[in-house]
Amino acid sequence: MMKRALITGITGQDGAYLAQHLLQQGYEVYGGIRRTSTRALWRLEELGVADRVNLVDFELLETTNLISAIREIRPAEIYNLAAQSFVGVSFKVPTFTGDVDGLSVARLLEAIHVIDPGIRFYQASTSEMFGKIQQTPQTELTPFYPRSPYAVAKLYGHWMTVNYREAYGMHACSGILFNHESPLRGSEFVTRKITMGLAALAKGGKTVLELGNTLASRDWGHARDYVVGMWKMLQADVADDFVLSTGETHTVEEFATLAAAAVGFELIWEGEGGSRKARDRKTGKEIIRTNPEFFRPAEVDLLIGNPAKAKERLGWVPATSFAALCEEMALADMSRL
Ligand code: NDP
Ligand code: GDR
């Protein structure tokens, strides 16, 4: 019999890549989708899997809905990817983010516990939980110091996952994933905002790209590689928590410089921390400037993860280099225009 998986957040970046990966592995894939006035299936369509997944009504805030979905589908594995995932906006909707990203994890775990504690569970935890970093590089043992309502909510979900594993012996894993990007990344996140803005400028657009803290540094991988790590966690004999990262860190400016090179600009950066500017060396044209509107009330300045445990126990290694990621995203946005 085909193995069944339920992915919450299937319409998001990771949901689409994970659906593709599970289909390749021979799974029957169910995707939780919430009711909206516009159906956002473009990612599943770009990957050519939209008509191979079964979409089910799924609202994380509604306990009865979670229970009936799990009862009906009876999946062997549940991947909880659904979330209000934008850190910047979590400062504006802190309690809503706490409900969706934190309490909902407890709702789901308790539903699984009641219906069938044998269902394997993956929780999408995040490097944002390290926040104001206490150790470099960060591992599964590094103390947490969240710096946003998003990170605080995710930390609750992380500990709930650990607690259900320890209290009831459930196969519940928390994947502490560092930033992972792709051409399917939401347009509000900095990498995709940059590649969309650069593509528009390269095609003759006039709007200078405005960013926040361009000196922030992240450990950036490719979403396509990271969903394989999620799946591997649920195939392991013993449930555990794993960091998935590349082990390299790069600034927003480095990302922008490489993405710009892929569309024909050579960026020269100038100015102090709070007001940086980038021009194209050949034409002198202003390409990027900072705007205080995009700075956060509390910032995570630097993240770099150590993926050694995932490599050793799961045989997981990221395949895509930072340079290849920047280029793929920039060229994808050029060809979309
Ligand atoms: P996206 O923002 O692209 O996708 C989020 C998904 O959650 C969408 O499908 C969205 O549906 C769904 N969703 C949001 N709220 C609800 C709700 N109340 N009920 C049901 N579904 C809901 O996120 P990513 O794919 O980038 O990330 C996947 C997960 O991994 C998230 O939990 C994120 O916090 C976490 N994460 C992401 C990292 C990254 O770098 N990408 C790194 C570490 C963790 P809709 O389409 O309707 O909006
Ligand atoms: P992040 O991703 O907060 O790390 O969360 P984002 O791309 O939003 O920010 C990364 C860094 O870039 C700086 N930055 C800007 N960010 C945005 N969005 N827009 C800008 O204009 C801008 N300018 C500079 C930010 O300040 C930050 O330092 C992502 C999400 O996917 C989370 O769900 C996930 O948990 C973490 O990655 C790991």
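**Loop, core and ligand sites in a predicted model**

Thr-142 lies in the loop between β5 and α6. Helices (H or I, at least four residues) and strands (E, at least two) are DSSP runs, numbered from the N terminus. The structure is a predicted model, in which local features need pLDDT of at least 70, side-chain atom pairs count only at pLDDT 80 or more, and totals for chains, interfaces and linings use all residues. Residues are numbered from 1 along each chain as its sequence is written, chains are lettered from A and ligands numbered from 1 in the order in which they are written, and side-chain values use heavy atoms, with hydrogens and water left out.

Thr-142 counts as buried, at 3% relative accessibility. Buried means under 20% relative accessible area, exposed over 50%, and partly exposed in between (1.4 Å probe, protein chains only). The side chain of Thr-142 makes a polar contact of 2.4 Å with the side chain of Gln-135. A polar contact is a pair of N or O atoms within 3.5 Å; within protein, one must be able to donate a hydrogen and the other to accept it, and residues adjacent in sequence count only if both atoms are side-chain atoms. The Thr-142 side chain also reaches the backbone nitrogen of Thr-139, at 2.8 Å. With neighbours within four places in sequence left aside, Thr-142 is in contact (heavy atoms within 4.5 Å) with Phe-130, Gln-135 and Pro-137. Pro-137 is also found in the loop between β5 and α6. A cis peptide bond joins Thr-136 to Pro-137, with omega about -10°.

A further backbone feature occurs at Arg-74. Its phi is near 50°, a positive value in a residue other than glycine. Most residues other than glycine have a negative phi, and most peptide bonds are trans. Arg-74 sits in the loop between α3 (63-73) and β4 (77-80). With a relative accessible area of 47%, Arg-74 is partly exposed. Ile-115, in helix α5 (residues 94-115), is buried at 13%. Residues up to four places away in sequence not counted, Ile-115 touches Ile-67, Ile-70, Arg-71 and Arg-74. Ile-67 and Ile-115 are 48 residues apart along the chain, yet their C-alpha atoms are separated by 7.8 Å.

The largest nonpolar core holds 37 residues. Such a core is a set of buried Ala, Val, Leu, Ile, Met, Phe, Trp, Tyr and Cys residues joined through side-chain atoms within 4.5 Å. Ile-7, Leu-22, Val-29, Tyr-79 and Tyr-122 touch the most other members. Two or more residues come from each of β1 (4-8), α1, β2 (28-33), β5, β6 (172-177), α8 (223-235), β11 (241-244) and α10 (308-314). Helix α8 gives the most, with seven residues. Tyr-79 is in contact with Ala-5, Leu-6, Ile-7, Thr-8, Leu-18, Leu-22, Tyr-122, Met-230, Trp-231, Leu-234 and Gln-235, leaving aside its neighbours within four places in sequence. A second, separate core has 24 residues, including Trp-220, Ile-288, Leu-325 and Cys-326. In soluble globular proteins, nonpolar side chains tend to be buried together.

Ligand 1 is surrounded by 24 residues, each with a heavy atom within 4 Å of the ligand. Thr-11, Arg-34, Ser-85, Tyr-150 and Lys-154 are the closest. The shell divides into 10 nonpolar, nine polar and five charged residues. Here Ala, Val, Leu, Ile, Met, Phe, Trp, Tyr, Cys and Pro count as nonpolar, Asp, Glu, Lys and Arg as charged, and the others, Gly among them, as polar. A polar side-chain atom of Arg-185 is 3.1 Å from a nitrogen atom of ligand 1. The protein covers 89% of the 900 Å² of accessible area that ligand 1 has on its own. Accessible areas come from the Shrake-Rupley method with a 1.4 Å probe; for residues, only the protein chains shown count as cover. α1 (13-24), β5 (120-126) and α6 (149-168) each give two or more residues to the shell. The largest share, three residues, comes from β5.

Ligand 2 has 23 surrounding residues, the closest being Ser-85, Thr-126, Tyr-150, Arg-296 and Glu-299. They divide into 10 nonpolar, six polar and seven charged. Oxygen atoms of ligand 2 lie 2.8 Å from a polar side-chain atom of Asn-179, 2.9 Å from a side-chain N or O atom of Arg-185 and 2.7 Å from a polar side-chain atom of Glu-299. The protein covers 95% of the 700 Å² of accessible area that ligand 2 has on its own.
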